[in-house]
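Visitor: Could you take me through the features of this chain one at a time, giving the general idea before each case?

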Amino acid sequence: MKSIFKRKSYIELPSFSSVTNEDVIFHIGAPKTGSTAIQKFCLENRETLKEHGLYYPYHGVDKNGISGGHSSLGQALIENRLDDAATILGNYVKEAKDDNCVLLLSAESIFYSPDKLTVILGDLKYKVVVFYRAPLEALYSNYNQLVKRHFLTTDITSYCKVQLESPSGFLTSEAHARWLGEYDHNKITLVNYCEATLKTLPIQKLFLISLGLDHKQVENNFIIENKFVNRSYPLSALELKRMLNFVLSDESKDINDKVDIYLQSVADTQVEQHDIESRVSKDLYHRLEETTESNFKYQVMAVLSKVRSLSKLEKVKASPLNAMQLNIQIFQLLTEMSEREPELFDELRKKIAIKLSERSVHFEIFKLAEFFNLEFEVKSSEWFSQMQIDRMPNYEKAEFLRDIADLMYRRGEYAEAENIVNAALKERPHGPVIKKIKAKITKKLSP
């Protein structure tokens with residue numbers, strides 16, 4: 001297996017064979033390891049890449065330069081449309097060969113389909129470039145992405161508690177292990193993604209070297225600006241978006257896209273350090289570290305030792321931000337939005353007002369109403385309904401637990417709600433209402 005690490009003279013970059021040895025090179029992520037910046041760079045340098053024997057097919061980008069790369073191939077694999085995937089890949093390969101080039105494809109959507117990709121490769125000579133990021137950094141970055149683009153409303157503490165109970169691939173490196181198990185290690189180039197390193201060695205340059213170009217080729221022929229693309233939101237924007245997710249959904253995609261484009265424009269002009277350690281209790285963070293350590297078995301130890309040592313040496317510790325400071329920053333962010341994007345601000349205000357008029361109002365909506373200077377009256381439905389209160393003198397234990405779990409669910413405390421609803425199920429395993437509440441909670445906690 002090939003691997004790239006850079007920290008002054010601590011670990012030297014290895015030498016690579018010429019790119020002409022392959023028919024196709026796949027860059028597959030992993031998620032949250034700079035793929036957007038790589039794709040944007042490759043798209044803007046298609047002609048220069050072609051001069052160096054690499055054919056990078058065109059794909060679209062949004063207003064902020066963000067895209068999914070060649071996601072049509074990855075999506076076909078995800079949906080098990082292997083004939084379509086083979087056709088897409090075959091067409092790309094033909095285009096590359098017509099230009100006497102090696103095909104270069106980039107799509108994170110391929111990352112979870114190593115077994116399916118092998119089915120369509122046939123006799124093609126290939127290489128796979130995959131980035132590896134320290135597990136807790138990847139976990140927090142994924143949380144950011146779920147809030148930014150996938151309407152997650154769960155707070156960071158609840159999200160981390162769920163990861164402790166059911167660790168995802170970000171904690172276990174299991175997805176990387178599947179690639180290492182499915183493919184000849186000589187076909188895999190594993191690259192360490194470390195933000196501290198990337199301040200001096202831009203990810204675009206690191207990527208080009210991983211393809212087989214040498215330092216001089218890169219420096220003499222490519223202009224690389226060391227700018228981050230699709231940067232994580234600053235904490236104020238992240239928390240604002242998490243609260244707004246209570247009033248936004250797939251049905252309001254247009255306004256959600258406007259919010260994301262605006263907040264991303266703020267993020268790409270700010271440099272702010274915040275991470276899991278600065279946002280959760282010391283006890284929870286140590287438990288996450290222990291889970292990470294116990295699941296490192298999924299990585300090849302020779303590579304793992306280097307990733308771990310670099311991660312510990314180069315980590316930049318973020319400072320905690322108290323609630324008052326955070327609220328002030330959110331107010332400032334909304335003030336700027338009202339001045340720069342008044343129509344967007346008014347649209348959001350109307351959405352919040354509609355939510356306030358509903359019978360059952362989540363407490364986070366009241367927080368939003370304060371930020372948007374909307375008047376409201378706290379209803380008793382924030383806690384228990386009058387019907388529930390009237391019935392409680394005759395409740396059995398399962399019913400008390402059921403209604404408390406439902407209350408915790410409506411308050412957004414999903415991890416706690418899950419513990420309580422599980423206790424209710426023990427008391428009444430076949431209770432249909434309890435099962436329904438359990439299903440709602442499970443859906444919210446699913447990544």
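Guide: What follows is a dialogue on reading the model, from its overall make-up to single residues.

Guide: This is a predicted model, in which local features need pLDDT of at least 70 and side-chain atom pairs count only at pLDDT 80 or more, while totals for chains, interfaces and linings use all residues. Residues are numbered from 1 along each chain as its sequence is written, and side-chain values use heavy atoms, with hydrogens and water left out.

Visitor: How many helices and strands does the protein chain have?

Guide: Helices (H or I, at least four residues) and strands (E, at least two) are DSSP runs, numbered from the N terminus. In the protein chain they come to 23 helices and six strands.

Visitor: What percentage of the 447 residues is buried?

Guide: Buried means under 20% relative accessible area, exposed over 50%, and partly exposed in between, with a 1.4 Å probe and protein chains only. Buried residues make up 53% of the 447 in the protein chain.

Visitor: Which residues touch the most other members of the largest nonpolar core?

Guide: A nonpolar core is a set of buried Ala, Val, Leu, Ile, Met, Phe, Trp, Tyr and Cys residues joined through side-chain atoms within 4.5 Å. The largest one has 67 residues, and Leu-244, Leu-348, Ile-352 and Phe-372 touch the most other members. Contact in general means heavy atoms within 4.5 Å, and Phe-372, leaving aside residues up to four places away in sequence, touches Leu-244, Leu-334, Phe-345, Leu-348, Arg-349 and Ile-352. Apart from this core lies another, of 34 residues, whose members include Leu-77, Ala-107, Tyr-132 and Tyr-183.

Visitor: Where does Tyr-132 lie, and is Tyr-132 buried or exposed?

Guide: Tyr-132 is placed in strand 5 (residues 126–133), and because its relative accessibility is 2%, Tyr-132 counts as buried.

Visitor: How should I read the packing of helix 13 and helix 14?

Guide: Axes are lines fitted to C-alpha atoms, for helices over the stretch in contact, and angles run from 0 to 180 degrees between N-to-C directions. Angles under 35 degrees count as roughly parallel, over 145 as roughly antiparallel, 65 to 115 as roughly perpendicular, and the rest as oblique. The axes of helix 13 (residues 235–244) and helix 14 (residues 253–267) come within 11 Å and cross at roughly 175°, so helix 13 is roughly antiparallel to helix 14. Ala-237, Leu-240, Lys-241 and Leu-244 of helix 13 make the contact with Asn-256, Val-259 and Leu-263 of helix 14.

Visitor: At what angle do helix 6 and helix 7 pack?

Guide: Helix 6 (residues 135–149) and helix 7 (residues 156–165) pack at about 125°, with their axes 11 Å apart, and are therefore oblique to each other. Leu-139, Tyr-140, Asn-142, Tyr-143 and Leu-146 in helix 6 meet Ile-156, Tyr-159 and Gln-163 in helix 7.

Visitor: Which backbone features deserve a look?

Guide: Most residues other than glycine have a negative phi, and most peptide bonds are trans. Here the peptide bond from Gly-29 to Ala-30 is cis, with omega near 5°, and Ala-30 is in the loop between strand 2 (24–27) and helix 1 (35–44). Lys-32 lies in the loop between strand 2 and helix 1 and has a positive phi, near 65°; Lys-32 is buried, with a relative accessible area of 12%. Phe-151, in the loop between helix 6 and helix 7, has a phi near 65°, also a positive value, and at 17% relative accessibility Phe-151 counts as buried.
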